[in-house]
Amino acid sequence: SKHLCENKRVALAAAKQSGAIKWLGQSLREDKDVMMEVLKQDGLELKIASQSLRADKDVVLAAVQSRGTALEHASETLQADREVVLAAVKKNGDALEFASEDLQGDREIARAAIAQNGKSLEHV
């Protein structure tokens with residue numbers, strides 16, 4: 001029912017189940033608490049988060065710590081944030097592709113990406 005799709009308590013419980021995001025109403029997809037739970041399950045769900053949540057460092061860190069390549073869906077500002085990018089490439093070296101140009105050339109970040117996945121060298 002529509003009421004259940006908008007109920008935050010139900011949404012928080014559902015967010016812990018893989019794939020449950022499709023049942024959440026739009027207002028709950030924009031709710032930081034709900035999205036943090038969703039992103040712990042699958043960081044790539046950042047793609048359906050509101051623009052403001054894609055620019056929220058806490059939210060994006062939760063996403064990239066779950067799935068490094070979620071960096072693709074972060075705001076440009078956070079794709080250029082050293083802490084966020086480092087967390088992403090430590091989880092998945094392929095995330096380097098989505099980092100800002102400056103950070104793609106950063107030694108520490110490039111080393112972390114290559115250590116996680118040797119194929120990441122192509123993004124340096």
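Modeller: The protein chain has ten helices and zero strands, where helices (H or I, at least four residues) and strands (E, at least two) are DSSP runs, numbered from the N terminus. This is a predicted model, in which local features need pLDDT of at least 70 and side-chain atom pairs count only at pLDDT 80 or more, while totals for chains, interfaces and linings use all residues. Residues are numbered from 1 along each chain as its sequence is written, and side-chain values use heavy atoms, with hydrogens and water left out.

Colleague: Why is α8 called roughly parallel to α10?

Modeller: Helix α8 (residues 82–91) and helix α10 (residues 107–116) pack at an angle of about 20 degrees, their axes being 7 Å apart. That angle makes α8 roughly parallel to α10, because angles under 35 degrees count as roughly parallel, over 145 as roughly antiparallel, 65 to 115 as roughly perpendicular and the rest as oblique. The axes are lines fitted to C-alpha atoms, for helices over the stretch in contact, and angles run from 0 to 180 degrees between N-to-C directions.

Colleague: Which residues make the contact between α8 and α10?

Modeller: From α8 come Arg-82, Val-85, Leu-86, Val-89, Lys-90 and Lys-91, and from α10 come Glu-108, Ile-109, Ala-112, Ala-113 and Gln-116. Contact means heavy atoms within 4.5 Å. These residues divide into six nonpolar, one polar and four charged. Here Ala, Val, Leu, Ile, Met, Phe, Trp, Tyr, Cys and Pro count as nonpolar, Asp, Glu, Lys and Arg as charged, and the others, Gly among them, as polar.

Colleague: What makes Glu-108 and Arg-82 a salt bridge?

Modeller: Their closest N and O atoms are 3.0 Å apart. A salt bridge is a side-chain nitrogen of Lys or Arg within 4 Å of a carboxyl oxygen of Asp or Glu, so the pair qualifies. Glu-108 lies in helix α10 and Arg-82 in helix α8, so the pair ties together parts that are 26 residues apart in sequence.

Colleague: Are Glu-108 and Arg-82 buried, partly exposed or exposed?

Modeller: Glu-108 has a relative accessible area of 40%, and Arg-82 has 35%. Buried means under 20% relative accessible area, exposed over 50%, partly exposed in between (1.4 Å probe, protein chains only). Therefore Glu-108 is partly exposed, and so is Arg-82.

Colleague: How many salt bridges does the structure hold?

Modeller: The structure holds eight. One of them joins the side chains of Lys-32 and Asp-58, at 3.4 Å from N to O. Lys-32 is in helix α4 (residues 32–41) and Asp-58 in helix α6 (residues 57–66), 26 residues apart.

Colleague: What separates Lys-40 and Glu-37 in helix α4?

Modeller: They are three residues apart in helix α4, which means a separation of about one helical turn. Lys-40 and Glu-37 form a salt bridge, with their closest N and O atoms 3.4 Å apart.

Colleague: Which of the two is exposed, and which is buried?

Modeller: Lys-40 is exposed, because its relative accessible area is 52%. Glu-37, at 18%, counts as buried.

Colleague: Why is Thr-69 called buried?

Modeller: Its relative accessible area is 19%, so Thr-69 counts as buried. Thr-69 is found in the loop between α6 and α7 (76–79). Not counting residues up to four places away in sequence, Thr-69 touches Leu-44, Asn-92, Asp-94, Ala-95 and Phe-98.

Colleague: What share of the protein chain counts as buried?

Modeller: Of its 124 residues, 49% count as buried.
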